[in-house]
Amino acid sequence: MAEEPLTVAVVELKVEATYLQISREERAAHWQGLQDIIAAHPKVSVVWHDADALSGECSDFVICRFANLFDYHCMWEEIKDGPLFMTPYFHITRVLIGMENAFVAYDEAIGIAQAQAGF
C-alpha cells in the first residue's frame, strides 16, 4: 500500500496595526514565544513567510506540513490562545489545505506506477 501523503496547510494571516505599533523588541519577544509553541509540536513542520511587501491580500503566510490533522489543530489552538491572536495582533484570513502529491499515492494504491512527482 502506498504511504499516506503529508497534509499541507497554507495559513494566510493579516497583521493588525496594534502589532506594528509595538517596538521591535516586543515583537521579537512575541516571535520567541511563537517559536516555543511551534517547537512543542514537533509533528508539525512550520515555515513562516513575510508577504506584506508583496501582497495586498495577506501580510504573512505559514506553510504547515503534518501527517495528523489533530496535531496541526492542537498547535493552532495553542497559538490562538496566545497574545498574537488574543490581543489581537494577527488574524487568519484564509486556510488552504491539501495533500502533497496525493494523486501519486492514489495511483500506487490502485496499482498504477507513477514517476516520482518533483515539481
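Analyst: A pocket here is an open set of points on a 1 Å grid over the protein atoms alone, where a 1.4 Å probe fits and protein lies on both sides within 12 Å along at least five of seven lines; lining residues have an atom within 4 Å of a point.

The model is predicted, so local features need pLDDT of at least 70 and side-chain atom pairs 80 or more, while totals for chains, interfaces and linings use all residues. Residues are numbered from 1 along each chain, and side-chain values use heavy atoms, without hydrogens and water.

Of its 15 lining residues, Tyr-19, Arg-27, Asp-50, Asp-60 and Phe-90 are the closest to the centre. Two or more lining residues come from each of α1 (17–20), α2 (24–39) and β2 (44–50), with helices (H or I, at least four residues) and strands (E, at least two) taken as DSSP runs numbered from the N terminus. The largest share, six residues, belongs to α2. By type, the lining holds nine nonpolar, one polar and five charged residues.

Asp-60 lies in strand β3 (residues 60–66), which runs antiparallel to β1 and is joined to β1 by seven bridges. Phe-90 lies in strand β4 (residues 90–99), which also pairs with β1 in the antiparallel sense, over nine bridges; pairing takes at least two DSSP bridges.

Conventions. Ala, Val, Leu, Ile, Met, Phe, Trp, Tyr, Cys and Pro count as nonpolar, Asp, Glu, Lys and Arg as charged, and the others, Gly among them, as polar.
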